Amino acid sequence: MTSRRRSLTEKSIVTEKLNKNYANVQALHDLDLEVQNGEIFGFLGPNGAGKTTTIRVLTTLTRPSSGSASVGGFDVTKDADKVKRMIGVVQQHLSLDRDLTVRENMEFHARLHRLSSSNRKQRIAELLEYVGLEEYADKMVDTLSGGMKKKAAIVCSLLHEPKVLFLDEPTVGLDAQARRRLWDLMRRLNSDGTTIFLTTHYIEEAEALCSRVGIIHHGSLIALGTPVELRGKLGSTVVETLVDNKETCYQFFPDRASANRYVQKLTSNIKTIVIRDSNLEDVFVEQTGEKVDHA
Amino acid sequence: MFDSLKDIYSILWVDLRNLSRHWRSTLATSLVQPLLYLVAFGYGLGRGISFEGISYLAFVIPGIVALTAFSSSFNGSAQKLQVDRLFYKSFEEFLISPVSLYSLVAGKALIGIVRGVISSIAVLIVGLLLSPTLIVSPIFVLTLLVSCFVFALFGVLVASVFNNHVHMSTFNTLVILPMTFLCGTFFSLSQVPESVKIALYFLPLTHSSNCLRAAALSQPFPWFSFVALISFGAIFYFGSLFVLKKTSL
């Protein structure tokens, strides 16, 4: 019993044969997943693949149909209260109260998590400084830019010092600059000890941030590993060719030398040859048969 | 227990912050309808008419106070909750937090009570100026508070059940609007057929009107209606818990 408990708590998130059905739709199908303490785990998948459903189950918002899920060693259905105390959640939609200021929203979240009065003030001041929102603290949420709103939502989720932070498509709709600022924030949070579970549409985001990546498709996990491992399984070099000006084909090779040998043998009806390193988008397309939806 | 009370206050705190920004427009909009009824039915149409041995104005004012408690408390808790649930989707922040559903339902009802009490007192003051014979006794105040709590819980239940604005609007038209006029607010239930009277006893506003009118006019207090009102409150509270439990762990 003791060893089982220890092994569970070494992992932040564990799901076993997790299923979720909505009417006639199976949103999750026997999902087995493990996220280690201290990692940034990226969850990739096309729209409707089951990313948000997974987050909703793990954050106690949705009851699973069967199977089990635990966060920090606590079962999400049996110990929902304990799970709620150790997680922070930033939803895809802005879940702040738009009629309040950033500081009031933070105060409210701190109260919901039962921080004492003195602790509230101290944490709010610390976090405002941590993310550089001090000068916006007393502005109404609705007057902030998209990036600032997202930052405000993230600081609200951090007030009770969660061990695991769930971020559902946190950078959707943000410009490149705002997105990179949020990446810096996520890296900083992670280096300060927070485990991050991140869903994203942006492949470059997953490559830039995540220590491991899972790809979900039609509710099933179809690939899992570090970005390097996943690219390695496919081939580290890719040759893009345009055949008869119609369709782009992708060929994967373990190294540049093999790719070059392949290109030299190509016939004349094949044009626009590009040799490049493979990336997670290639893994994604190969595994799902679909292009990444860029929201 | 102490944590639960703190949680309930935390939920009220955020709603009070919102109310403090919009209190003038909130109060004005919640008073227009009852004051119009008071002027049109009570002071205009009913002036000079006697009813069951008392002036119609004195008869109708407690009914309009009950109506004000109903509409302000119901809308006070239902509107914000529905907008938070369906439009902003910020209601899930409560469900992710360690706050229990018991505290959540009570906390979301409190803002309805605050709005209901404020609006009712404002209407009551106008009513007392028009008809100084009305009696504001402790039982009247207690009934008013209980009514506001029951109607606020009704708002929490309705806003938790419906998953789109169209259904909510349909409910308002088919249930809330008829309740406004039929639940003994403007006329005595002794004037309606027995079968209709029985049907009206299944609506909480009927009991609130009965109790407030009896207390204000120094008539025998209908304890059956008072117990029925509290029973409605219990049904709405546990109904809200049931609905929210279905959507959360």
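## Report on a predicted two-chain model

The secondary structure of chain A comes to 11 helices and 13 strands. Helices (H or I, at least four residues) and strands (E, at least two) are DSSP runs, numbered from the N terminus. This is a predicted model, in which local features need pLDDT of at least 70, side-chain atom pairs count only at pLDDT 80 or more, and totals for chains, interfaces and linings use all residues. Residues are numbered from 1 along each chain as its sequence is written, while chains are lettered from A and ligands numbered from 1 in the order in which they are written.

### The two chains

Chain B has 9 helices and 2 strands. Along its sequence they follow the pattern α-β-β-α-α-α-α-α-α-α-α. The table lists the values for each chain. A residue is buried if 20 or more other C-beta atoms lie within 10 Å of its own, exposed if 12 or fewer, and partly exposed in between, with C-beta atoms placed from the backbone. Two residues are in contact if their C-beta atoms, placed from the backbone, lie within 7 Å.

For chain B, the radius of gyration is 18 Å, which agrees with the value near 18 Å for a compact globule of 249 residues. The radius of gyration is taken over C-alpha atoms, and the globule rule is 2.2 Å times the number of residues to the power 0.38.

### Strands of chain A

In chain A, 6 strands form an open sheet in the order β6-β7-β8-β3-β9-β10, with mixed pairing. Its edge strands are β6 (87-90) and β10 (220-225) of chain A, each of which pairs on one side only. Neighbouring strands of this sheet are turned by 15° against each other on average, direction ignored. Two strands pair if DSSP finds at least two bridges between them. Strands of a sheet pair through backbone hydrogen bonds, either parallel or antiparallel.

Within the sheet, strand β3 (residues 40-44) of chain A pairs with strand β8 (residues 195-200) of chain A in the parallel sense over 5 bridges. A:G42 has A:L198 in β8(A) as its bridge partner. Helix α7 (residues 176-191) of chain A lies across β3, β7 (164-168) and β8 of chain A, and runs at about 150° to β8(A). Axes are lines fitted to C-alpha atoms, for helices over the stretch in contact, and angles run from 0 to 180 degrees between N-to-C directions.

Strand β11 (residues 237-243) of chain A is joined by 7 bridges to strand β12 (residues 247-253) of chain A, and the two run antiparallel. The bridge partner of A:T241 in β12(A) is A:C249. The hairpin of β11(A) and β12(A) has 3 residues between the strands, and A:D244 takes a positive phi near 50° there. β11(A) also pairs with strand β13 (residues 270-277) of chain A, in the antiparallel sense over 6 bridges. Here A:V243 stands opposite A:I270 in β13(A).

Two further residues of chain A have a positive phi. A:K17, in strand β1 (residues 11-22) of chain A, has a phi near 45° and is not a glycine. A:K17 is partly exposed, with 14 other C-beta atoms within 10 Å. A:T60 lies in the loop between α2 (51-58) and β4 (66-71) of chain A, and has a positive phi of about 70° although it is not a glycine. A:T60 counts as buried, with 22 C-beta neighbours inside 10 Å.

### A helix pair in chain B

Helix α8 (residues 204-216) and helix α9 (residues 223-247) of chain B pack at an angle of about 140°, with their axes 9 Å apart. Among the residues that meet are B:P204 and B:H207 in α8(B), and B:S225 and B:F226 in α9(B). The residues of this contact divide into 6 nonpolar, 4 polar and no charged. Ala, Val, Leu, Ile, Met, Phe, Trp, Tyr, Cys and Pro count as nonpolar, Asp, Glu, Lys and Arg as charged, and the others, Gly among them, as polar.

### Where the chains touch

The contact between the chains takes 20 residues from chain B and 25 residues from chain A. On the side of chain B, the elements that give two or more residues are α1 (2-45) and α3 (92-96) of chain B. The largest share of that side, 8 residues, comes from α1(B). By class, the side of chain B that touches chain A has 8 nonpolar, 5 polar and 7 charged residues.
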